[in-house]
Amino acid sequence: MAKKAFKAESKRLLDMMINSIYTHKEIFLRELISNASDAMDKLYFKSLTENIGLSRGDFEINLAVDKDARILTITDNGIGMTKEELDSNLGVIAKSGSLQFKNENESEENKNEDISVIGQFGVGFYSAFMVASQVTVETKAYGSDTAYKWYSEGVDGYTITETEMDSHGTKITLKIKDSTEEEDYDEFLTDYKIKGLVKKYSDYIRYPIKMMTGHSHLKEGTEDEYETHYELETLNSMVPIWKKNKSELTDEEYNKFYKEKFYDYEDPIAHIHTKTEGAATYSALMYIPSKVPFDYYSKDYEKGLQLYSNGVLIMDKCADLLPDHFSFVKGLVDSADLSLNISREMLQHDRQLKVMAKSIERSIKNELTKMLRNDREKYEKFWKSFGLQIKFGVYNGFGAGKELLQDLLMFYSSNEKKLVTLEEYVSRMKEDQKNIYFASGETVDKIDKLPQTELVKDKGYEILYLTDSVDEFALQMMVDYKDKQFKSVSAGDLDIETPEEKEEIKAKAEESKDMFEFIKETLGGKVKDVRLSKILKTHPVCLTSDGMLSIEMEKVLSQMPTEHSAKAEKVLEINPSHPIYNKMRELFDTDKDKLKLYSDILYNQALLVEGMPIDDPVDFSNKLCDLMS
Ligand code: ADP
């Protein structure tokens, strides 16, 4: 019998398919099961509208494996296909029968009928050729007397002949390819693999997917003889938890699902279950893990939500659904109105998806805000795990994430001795306080001892202690919060003196101008300036910086493996209330060589206090000894 050729464009697509557009061959089973489910949806829909007396419970999908013959069959009792349908549906790839059916039936009155057709794609069936060398489709349309058999070995074309079938529906027979060195096809002939694939991709198909499975038992009355007992097992659980109502579900059920699905031992810190209608219609079930995954802050971590189209998994990690700042969220999204192009695997980054991503981002933000308000302890636990990510989020978008993320931020407070939010900080600001003050360092304890924090504390102002390298960069991106500027206590000009204090400092600074110039020259370009300090109380010296780059930021940058790391414009500040100041004034007039020694030692001391390495420790040590002897 003459073979019919596939249409030209189909042939090319089929060729691509066989050579795998789909990266995972195993998804063929998902595709065929989805088609079967669609076919049953169609007949069920017909029975609803035409009253032919079929109910949901009448439908099922059967899988069978014959290992020796290398045969896998997928049988459904759905609507089946006529000869014409067989020819046009499986002969032309681009045409999708499912899509046509959907359009024809989507009138106003039946819009709410429980009908959904997942396969709007048009190439799914051909994925069978990724694992099979021969594909046979036997089908009998509902209400027809004749059954037909479609047979193909791939690109050459296909034949259609008449055949016998007892009842309506479709049976797909795959002759599984022989395994090669690169590719293992044998696994598709094991119960174990097939069961696993159904669980993985088709667990929530709403019709039972059944298979005869064998279980071996010890034969009764014997001690070492086994017999295999076969039973028809339903492989899928059918009802997706996210399709249920929140009120039907307990925390335990939510948590159990999370742990099974996302392989975590611990309960999540929160779950977010939403059903959204409107610009995008979808249900989402998302979780915030309680611990940081071990690879979270590494390149290996892959963010993303599982994407389902009406209960059928189409993508395992859809990265576009999750912004980076919320990449710790695990979960899934199920939507009926995704526009998919060539295959389920190559989901377009389309408008629909973007709308969903935006709304998902909002849901996560709301959940976190709620947690912050209602369960502080829980939020702090969350913050410990993922706060860093949120701060990177503020920094990375050049401040684009500011509005969304600023109220989720927390920093350690000098006054409260615990984590506080920016909102809390601002609400407590003193009447005369203009800025939000922060200080950076390695640990809270070390920052607390920084000389630069003294005066600000003295004024009773709260200081935020920044201990993560990204912190200061993030605040710089934000510029301000509720119109209050962020100001580093090491910025030199803190803007906290009274007018009288300002006058006094100015006069003193004038007095010592020459001496400062001398010290600056002595230090030979190591500092940009030497100034009278307005911020020191008890310490003799400290380093501050002019410009955008702080000393703390210089430290962070110097740890990065780049050629030329940027340097902060350092300023050596000298405390006029410290006895050393008067001593230096005296030396400036009497012993300039000694003043040089002092300058060098004081500069190095300032570096040490700041946690910076000193250039020449041996020289420093020698100079100290010179001074002592
Ligand atoms: P899609 O399912 O994306 O439309 P396929 O290539 O998988 O594309 O299938 C093409 C068409 O063949 C389907 O739209 C459907 O009309 C028909 N079809 C496939 N499998 C079956 C089946 N098991 N029962 C009835 N019709 C089927």
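User: Which residues make the nonpolar surface patch of about 350 Å²?
Analyst: Met212, Tyr230 and Leu232 make the patch. Keep in mind that this is a predicted model.

User: Where does Tyr230 lie? And is Tyr230 buried or exposed?
Analyst: Tyr230 lies in strand E8, residues 226-234. Its relative accessible area is 56%. Exposed means over 50%, so Tyr230 counts as exposed.

User: Switching to sheets. What is the strand order in the open sheet of six strands?
Analyst: The order is E15-E14-E17-E16-E19-E18, and the pairing is mixed.

User: Which are the edge strands there?
Analyst: Strand E15 (419-421) and strand E18 (480-481). Each pairs on one side only.

User: In what sense do E16 and E17 pair?
Analyst: Parallel, over four bridges. Strand E16 covers residues 436-440 and strand E17 covers 463-466. Ala439 has Tyr465 in E17 as its bridge partner.

User: Now the open sheet of three strands. What order?
Analyst: E20-E22-E21, again with mixed pairing. Strand E20 (529-532) and strand E21 (541-546) each have a single partner strand, so one side of each has no neighbour in the sheet. On average, neighbouring strands are turned by 35 degrees against each other, direction ignored.

User: How many bridges join E21 and E22?
Analyst: Six, in the antiparallel sense. Strand E22 spans residues 569-574. Leu543 stands opposite Leu572 in E22.

User: Which helix lies across E21 and E22?
Analyst: Helix H18, residues 592-610. H18 runs at about 75 degrees to E21.

Key. Residues are numbered from 1 along each chain as its sequence is written. This is a predicted model: local features need pLDDT of at least 70, side-chain atom pairs count only at pLDDT 80 or more; totals for chains, interfaces and linings use all residues. Side-chain values use heavy atoms; hydrogens and water are left out. Two strands pair if DSSP finds at least two bridges between them. Helices (H or I, at least four residues) and strands (E, at least two) are DSSP runs, numbered from the N terminus. Patches are made of residues with over 30% relative accessible area and no salt bridge: like charges are joined within 9 Å, nonpolar side chains (Val, Leu, Ile, Met, Phe, Trp, Tyr) within 5 Å. Accessible areas come from the Shrake-Rupley method with a 1.4 Å probe; for residues, only the protein chains shown count as cover. A salt bridge is a side-chain nitrogen of Lys or Arg within 4 Å of a carboxyl oxygen of Asp or Glu. Buried means under 20% relative accessible area, exposed over 50%, partly exposed in between (1.4 Å probe, protein chains only). Axes are lines fitted to C-alpha atoms, for helices over the stretch in contact, and angles run from 0 to 180 degrees between N-to-C directions. Contact means heavy atoms within 4.5 Å.
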